[in-house]
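User: I would like to go through this model and ask what stands behind each description. Please set the values against the cut-offs where a cut-off is needed.

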Amino acid sequence: MSGGCLVTGAAGFIGSHLVDRLLSLGRHVVGVDNLVLGRRAHLAKAMAQTTFKFQELDVNDFDTFEAFVREEHARHPIEVIWHLAANSDIQAGGADPEIDLRSTFLTTHRTLRVAQSVGIRRFCFSSTSAIYGMQQGLLTEDGGPWFPISNYGAMKLASEAAISSALERFLERVWIFRFPNVVGSPATHGAIYDFVRKLRRTPGELEVLGDGTQEKPYLHVSELIDGMMHIWGRAGERLNYFNIAPPDTATTVREIAEEVVRVVSPGARIRYTGGNRGWVGDVPRFQYSIAKLQRLGWSPRLSSTEAVKRAVREVASQPAASPGAD
Ligand SMILES: NC(=O)c1ccc[n+]([C@@H]2O[C@H](COP(=O)([O-])OP(=O)(O)OC[C@H]3O[C@@H](n4cnc5c(N)ncnc54)[C@H](O)[C@@H]3O)[C@@H](O)[C@H]2O)c1
């Protein structure tokens, strides 16, 4: 068996898919999560495997986290940390900047300190399109300088900077994945999740923030994990950083709302609150260049809208999308 993996944010939407994939590749996996946004139930499949261990803890609690990782590392050497723990409620982070300072930046800083203390020298990081801020044209990885417009984006960009400095000091290799909007089940947040929940509560009407013209690329979580595995396996620089998204396609919020209505409550009226942004810090429109990823030999098969349609069906049938179920 190859080296073990530590996944922070393991019980979250993307973390739980990542854990399942790493286990299926024969890796020994240790997952941690404070279960603020994640759920144990997301890890039901993984929990049944002897090569998986889960621990509920806050990665910002350095002493507890360090002691746990040290012990696990002694038992099964951990080759790489996949750091996914973060705040995923971007609107909440706009209202209270402490949230992203603690959950999005400090989690990275503390996880890096644990890596240094225990001696784990490979680091993978879930970054985001939000680091780019408001830019014209296709977003390429090397364009910079970047000026994020949300606290979340600012703390992710600061995390990338902290990882880069750790590479100079003690890490030997880093992979930074800049995700677009990722969709699928078990969703814990996001437009599809919110729309399904709202429609379950008021089946006759769906309120949508903004005017519905916001347009972004959406990637299905299964393809996101495929892309991450491809990059991890093939990108061999010391510092590897890639956009991941479907090429040349994007989906409007209006299309998402209409699809959710069609699947969950046909005939419901859609009411737009107006304005071209969903919330303060929302980047209403962006398009990724994935030329760098394509040169590495990978591209998703689903278009943005195909990914959304598949995810709407999945989220509509997940139990947590019912009011009161979570
Ligand atoms: N879903 C998307 O569209 C998207 C887009 C861009 C980037 N990302 C990034 O991908 C990663 C995973 O996102 P997700 O969509 O699965 O969100 P999620 O909220 O489902 O997962 C994040 C997990 O981190 C955990 N967590 C937060 N703070 C923690 C702490 N201090 N200690 C331990 N656990 C903690 C939460 O409980 C949650 O389970 C995040 O870093 C997120 O910023 C997601």
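User: Which residues point one way from β2 and which the other way, and are they buried or exposed?

Analyst: This is a predicted model. In β2, V29, G31 and D33 point one way, while V30 and V32 point the other way, and all are buried. In a regular strand the side chains alternate between the two faces of the sheet.

User: What makes β2 largely enclosed by the rest of the structure?

Analyst: A residue counts as buried if 20 or more other C-beta atoms lie within 10 Å of its own. In β2, 5 of the 5 residues are buried, so the strand is largely enclosed by the rest of the structure.

User: How do you know that β1 and β2 pair, and in which sense?

Analyst: Pairing requires at least two bridges between the strands. Strand β1, residues 4-8, has 4 bridges with β2, in the parallel sense. One of the residues involved is L6, whose bridge partner in β2 is V30.

User: Which face of β9 is covered and which is uncovered?

Analyst: L206 and V208 form the covered face of strand β9 (residues 205-208), and E205 and E207 the uncovered one. β9 is also paired: 4 bridges in the parallel sense join β9 to strand β14, residues 269-272. There, E205 has R269 of β14 as its bridge partner.

User: Why is Q318 called partly exposed?

Analyst: The class lies between two limits: 20 or more C-beta neighbours within 10 Å make a residue buried, and 12 or fewer make it exposed. Q318 has 16 C-beta neighbours inside 10 Å, so Q318 counts as partly exposed. Q318 is located in the segment after α11 (304-316).

User: What is Q318 in contact with, leaving aside its neighbours within four places in sequence?

Analyst: Its contacts are S185, P186 and A187. Between Q318 and A187, which are 131 residues apart along the chain, the C-alpha separation is 8.3 Å. The contact criterion uses C-beta atoms, placed from the backbone, within 7 Å.

User: How is the chain divided into domains, and what joins them?

Analyst: Domain 1 covers 4-179, and domain 2 covers 184-217 + 248-287 + 302-321. Their centres, taken over C-alpha atoms, are 26 Å apart. In domain 1, 21 residues are in contact with 10 residues of domain 2. On the side of domain 1 that touches domain 2, α1, α4 (90-95) and β6 (138-139) each supply at least two residues, and α4 has the largest share, 3 residues. By class, that side has 9 nonpolar, 11 polar and 1 charged residues.

User: Which residues come nearest to the ligand, and which element gives the most to the shell around it?

Analyst: Of the 30 residues around the ligand, G9, G12, G38, A86 and S88 come nearest. Elements giving two or more residues to the shell include α1 (13-24), β2 (29-33) and α5 (97-118). α1 gives the most, with 3 residues. By class, the shell has 13 nonpolar, 15 polar and 2 charged residues.

Key. Residues numbered from 1 in each chain as written. Predicted model: local features only at pLDDT ≥ 70, side-chain atom pairs only at ≥ 80, totals over all residues. Near = placed C-beta within 6 Å. Nonpolar A, V, L, I, M, F, W, Y, C, P; charged D, E, K, R; others polar. Domains from an automatic or database assignment. Contact = placed C-beta atoms within 7 Å.
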